[in-house]
Amino acid sequence: MKLFITLLKPLSFLPAILMMYVIYSFSAQTGEVSGKLSYRISYEIVELKSDLASDGKTPDVLAAEASGIEYYVRKGAHMTEYFLLAIAISLPLYVYRIRGIWLMLLAGVLCVCFAGLDEYHQSFVANRGPSVKDVGIDSIGAFVGMLFVQLFCWSTLHNPEAHSHRRHHKRNRK
């Protein structure tokens, strides 16, 4: 069983690689395609809000509101992508017993470097360009993702009550 787990450990990085592919794919979209996607999502958000509030806004009003939140939807998407990437990188590192500040540093460096490379990649895509601001926004999402992993793992794996319960359970089985 230990051999099986040892062989599967490297596969724990597959979600991170998949997330990198997803981010790269979004960055490969032209500015026009990316803009239409952001606008469509923004429109759906304001339309859903309008439907829930039953305020009967016209399509023109919804369009104006969608345009007003589109920037925030785009930046929220950046943060979400890198939040998920940080989780996908941090969890396997945690499995490899990299914890605490070392986990934050290693996962953080990987996420920020990938964000920089991604922005560089965008400089070759039509109607797109690199942005240091986007790397900063990506980094915020990654930082929150790394904190989430640290807190989740600490609370589930290092809970003193759970450890005493497990020890008590083992003693009772003997």
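Student: Among contacts in the protein chain between residues at least 6 apart in sequence, what percentage join residues at least 24 apart? Please then take a close look at the aromatic pairs.

Tutor: The model is predicted. Of the contacts between residues at least 6 apart in sequence, 73% join residues at least 24 apart. The protein chain contains seven helices and zero strands, and its pattern along the sequence reads α-α-α-α-α-α-α. Its radius of gyration is 21 Å, whereas the globule rule gives 16 Å for 174 residues; the chain is therefore more spread out than a compact globule. Along the principal axes, the C-alpha atoms occupy a box of roughly 70 × 45 × 30 Å. Buried residues account for 30% of the 174 residues.

We may now turn to the aromatic rings. A pair of aromatic rings is described by the distance of the centres and the angle of the planes. A search of the whole structure finds seven such pairs. One of them joins Y39 and Y43, whose ring centres lie 6.2 Å apart with 40 degrees between the planes, a tilted arrangement. Both residues belong to helix α3 (residues 31-53); because they are four residues apart there, about one helical turn separates them. Their surroundings can be described by accessibility. Y39 has a relative accessible area of 29% and is partly exposed, while Y43, at 19%, counts as buried. The cut-off explains these labels: buried means under 20% relative accessible area, so Y43 falls within that class.

The rings of Y82 and F114 are also tilted, because their centres are 6.4 Å apart and their planes meet at 45 degrees. Here the partners come from two helices: Y82 lies in helix α4 (residues 59-95) and F114 in helix α5, so the pair ties together parts that are 32 residues apart in sequence. Y82 is buried, at 0% relative accessibility, and F114 is buried as well, at 15%.

At 3% relative accessibility, E119 counts as buried. Beyond its neighbours within four places in sequence, E119 is in contact with several residues, including H78, G129 and D138. By contrast, 37 Å separates the C-alpha atoms of E119 and D51, which are 68 residues apart along the chain.

Note on methods:
Residues are numbered from 1 along each chain as its sequence is written. This is a predicted model: local features need pLDDT of at least 70, side-chain atom pairs count only at pLDDT 80 or more; totals for chains, interfaces and linings use all residues. Side-chain values use heavy atoms; hydrogens and water are left out. The radius of gyration is taken over C-alpha atoms; the globule rule is 2.2 Å times the number of residues to the power 0.38. Buried means under 20% relative accessible area, exposed over 50%, partly exposed in between (1.4 Å probe, protein chains only). Contact means heavy atoms within 4.5 Å. Rings of Phe, Tyr and Trp (its six-membered ring) pair if their centres lie within 6.5 Å; planes under 30 degrees apart count as stacked, over 60 as edge-to-face and the rest as tilted.
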